[in-house]
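Below is a short briefing on a protein chain, arranged by topic. Please look over the sequence and the structure before reading on.

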Amino acid sequence: MPVAEWWRNDMNNMNDTGVAAGPAPGRTGRTHRLRRLAGTGFIAALAATVATTLAAALALAVGVDFEVPDGGEAIPLTGFAVMTGFFSVVGIVIAAALLRWSAHPARRFVWTAVSLTAISLLPPLLSGANTGTATALLGLHLVPATVMIPTLARSLRSQSVYDPATGRRAAQARTRAHQRRS
């Protein structure tokens, strides 16, 4: 192919900025991984919301009043559903950010989520509610955590990027390379 023809063909494949047009490398894979994580996360959020609301209904049935002395009003079942759904979505956003920017997203997510869950146990202890209510609230904080944390961590582990150069997942390849250097 003559140089002039090659140049013309090459220039026809460029946009106004002089950069070759086409999809960004890796963009499709990243979008697919985020969609898969979001889908798994929203199903887990729904399961966590249902489980927490059912556990709260069971606690109400056995006599827990969920009255918090601050306002003197009882927490409604819908309150448990809304808060569980909201904080489950926050967990999905954290997982997505770690998938995007962390070399070890599953490990960092578990550490972050367990830390935030531990912090979330403080308000029921400090609320001044009776022992039954405080105990039920502590348990109700752990129900969605036992659904969301393992599900998202497993999803993050399975979302590791495959490195065709080494034939391994990228995170595993980096870990093995680091171990060889040590």
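What percentage of the 182 residues in the protein chain do buried residues make up? In this predicted model, the buried residues come to 26% of the 182 residues of the protein chain. The secondary structure consists of seven helices and two strands, and the order of elements, read from the N terminus, is α-α-α-α-α-α-β-β-α. When contacts between residues at least 6 apart in sequence are considered, 65% of them join residues that are at least 24 apart.

**Packing of α4 against α6**

- Helix α4, which covers residues 105-120, packs with helix α6, residues 131-158, at an angle of about 170 degrees, and their axes are 9 Å apart.
- Because angles over 145 degrees count as roughly antiparallel, α4 and α6 are described as roughly antiparallel to each other.
- On the α4 side the contact is made by P105, A106, F109, V110, A113, V114, T117 and S120, which meet H141, L142, A145, M148, I149, L152, A153, L156 and R157 of α6.
- Sorted by class, this contact of α4 with α6 has 13 nonpolar residues, three polar residues and one charged residue.

**Packing of α3 against α6**

- Helix α3 and helix α6 pack at an angle of about 30 degrees, with 11 Å between their axes.
- Since angles under 35 degrees count as roughly parallel, this makes α3 roughly parallel to α6, and the crossing of these two helices is right-handed.
- The contact involves F80, T84, S88, G91, I92, A95 and L99 from α3, together with L137, L140, P144, M148, L152 and L156 from α6.
- By class, the contact of α3 with α6 has ten nonpolar and three polar residues, and no charged residues.

**Nonpolar cores**

- In soluble globular proteins, nonpolar side chains tend to be buried together.
- The largest nonpolar core has 17 residues, of which L37, A95, F109, M148, L152 and L156 touch the most other members.
- The elements that contribute two or more residues to this core are α2, α3 (77-101), α4 and α6, and the largest share, six residues, comes from α6.
- Apart from this core lies another one, of eight residues, which include F66, A136, L137 and L140.
- F109, one of the residues that touch the most other members of the largest core, is in contact, once its neighbours within four places in sequence are left aside, with G91, I94, A95, L98, M148, I149, L152, A153 and L156.

- A51 is located in helix α2, which spans residues 27-61, and it counts as partly exposed because its relative accessibility is 27%.
- Although A51 and V147 are 96 residues apart in sequence, the distance between their C-alpha atoms is 8.8 Å.
- A81 belongs to helix α3 and, with a relative accessible area of 23%, is likewise partly exposed.
- The C-alpha atoms of A81 and T53 are separated by 5.7 Å, while the two residues are 28 residues apart along the chain.
- With its neighbours within four places in sequence left aside, A81 is in contact with T49 and T53.

Key: Residues numbered from 1 in each chain as written. Predicted model: local features only at pLDDT ≥ 70, side-chain atom pairs only at ≥ 80, totals over all residues. Heavy atoms only, no water. Helix = DSSP H or I, 4+ residues; strand = E, 2+ residues; numbered from the N terminus. Buried < 20%, exposed > 50% of the residue type's maximum accessible area, 1.4 Å probe, protein only. Axes fitted to C-alpha atoms, helices over the stretch in contact; angles between N-to-C directions. Parallel < 35°, antiparallel > 145°, perpendicular 65-115°, else oblique. Contact = heavy atoms within 4.5 Å. Nonpolar A, V, L, I, M, F, W, Y, C, P; charged D, E, K, R; others polar. Core = buried A, V, L, I, M, F, W, Y, C linked by side-chain atoms within 4.5 Å. Left-handed = near helix turned anticlockwise from the far one by under 90°.
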